[in-house]
Amino acid sequence: MKIGLAIYNFDPKKGGAERYAYDLATDLLNRGHQVYVFCSKAVNLRGAVIAKFDTVRFPRWLRSLFFALNHRRYAKTFSLDVMLGFGNTLDIDVYQGHGGVQRFWMEREIASYDDPRERRVKAALLRNSLNQRVQRWVEEYPIRRGEYSRIIAISDMVKGHMKEHYGLEDDKIDIVYNGVDIDKFKPDEQKSEEKLKILFSAGNFRLKGLLPLLLATGELVKERDDFKVLVMGRGRKERYEETIKRLGIAGMVSFLGETSTPELTYRQAHVLAHPTFYDACSLTTMESMASGLPTITTRWNGASALIGPDEGYVIDGPEDMQGLTDALRGFFNEEARITMGRKARLKLEDYTITRNVDLMENIFREVCDGKRSH
């Protein structure tokens with residue numbers, strides 16, 4: 001098949017949808033398909049046709065609009081069987097939004113600001129942002145007009161949000177969870193057990209719940225000191241220095257920064273804490289489970305559907321400090337923790353990248369066959 005993918009920045013280092021698009025394109029090429037990537041920025045991918053077009057960088061609302069309009073113009077010059085869009089294009093066959101429904105993300109983004117004044121300012125900025133309005137219009141355009149063949153949600157949570165927001169029937173949305181490289185992300189059977197290592201991994205410390213984790217750490221340290229919190233990612237640690245000092249946990253928290261080998265850090269940790277305000281389907285939690293780590297997250301993470309009582313803990317939200325602290329306490333039971341980790345790994349062995357691409361390929365083929373029959 002000739003398959004088009006539309007992504008502003010085709011670069012796996014950007015994470016999220018960008019990383020997914022790159023991995024999907026790579027796998028589709030290996031399966032013998034022709035892949036066309038429509039983008040404004042890109043890294044090279046051997047075998048793929050990179051249809052790169054210029055767009056303005058600023059203001060951001062104009063960039064979003066120009067990308068959607070330029071994609072519509074450029075895509076028509078290629079004879080494609082199926083076009084996949086990630087909520088950034090007007091003309092699609094298959095829609096797959098990796099950020100979830102914008103309305104839900106926005107409210108959770110606002111809720112993640114702990115300072116009431118800062119939250120009010122952010123709420124006013126986001127709700128009146130021209131960029132957000134344009135992005136929402138582009139995201140909703142093909143769905144509101146019914147100009148698509150299939151809609152794919154990357155979690156049950158996102159499917160529920162889409163049904164509510166768009167008034168869609170249950171059978172109008174397919175669910176295809178992300179996939180994990182289970183050979184890369186795997187348990188370390190020789191892990192040392194001297195101190196419990198609680199891992200937090202995120203690019204956006206605020207949205208993913210670092211503050212609630214630090215507050216829970218402040219409660220735990222009143223009872224025991226045989227643990228460490230490892231913070232991995234590119235977030236702003238300066239924002240939390242005063243809180244860490246006030247809680248008296250400076251010796252318990254280590255900021256590791258970014259790494260090109262996160263799988264090694266997962267293997268060194270014992271558990272993952274991800275008390276997120278919002279994740280459409282967190283790859284971090286899936287990678288941690290594949291690495292044999294029992295995981296704590298919230299119901300605002302689409303990947304929480306994969307975490308049963310045998311694999312970790314799901315709390316209502318990051319505001320549930322008692323639930324978060326109690327869940328962390330549960331991980332000090334070594335036997336229970338190890339059993340949970342093994343079951344988490346077994347669960348994720350069913351959620352591979354190969355399985356994800358199999359499902360996507362089947363949907364693409366059904367769309368292609370449907371177009372040919374008309």
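**Burial and aromatic geometry**

Modeller: In this predicted model, Phe200 has a relative accessible area of 0% and is buried.

Colleague: Why is Phe205 counted as buried?

Modeller: Phe205 has 3% relative accessibility. Buried means under 20%, so Phe205 counts as buried.

Colleague: What makes the pair of Phe200 and Phe205 edge-to-face?

Modeller: The ring centres of Phe200 and Phe205 are 6.0 Å apart, with the planes at 70°. Rings pair if their centres lie within 6.5 Å, and planes over 60 degrees apart count as edge-to-face; therefore the pair is edge-to-face.

Colleague: How many aromatic pairs does this rule give?

Modeller: The count comes to 15 aromatic pairs. Phe185 and Tyr266 form an edge-to-face pair, 5.6 Å centre to centre with 70° between the planes. This pair links distant parts of the chain, 81 residues apart: Phe185 is in the loop between β9 and β10, and Tyr266 is in helix α9. Both Phe185 and Tyr266 are buried.

Colleague: Why is Ala344 counted as buried?

Modeller: Ala344 has 0% relative accessibility, and the cut-off for buried is under 20%, so Ala344 counts as buried. Ala344 lies in helix α12 and touches Met289, Leu293 and Glu311, not counting residues up to four places away in sequence.

Colleague: Where does the charged end of Arg224 sit?

Modeller: The charged end of Arg224 sits over the ring of Phe332, 3.8 Å from its centre. The distance limit is within 6 Å of the ring centre.

Methods: Residues numbered from 1 in each chain as written. Predicted model: local features only at pLDDT ≥ 70, side-chain atom pairs only at ≥ 80, totals over all residues. Heavy atoms only, no water. Helix = DSSP H or I, 4+ residues; strand = E, 2+ residues; numbered from the N terminus. Buried < 20%, exposed > 50% of the residue type's maximum accessible area, 1.4 Å probe, protein only. Contact = heavy atoms within 4.5 Å. Phe/Tyr/Trp six-rings, centres within 6.5 Å; stacked < 30°, edge-to-face > 60°. Lys NZ or Arg CZ within 6 Å of the ring centre and 35° of its normal.
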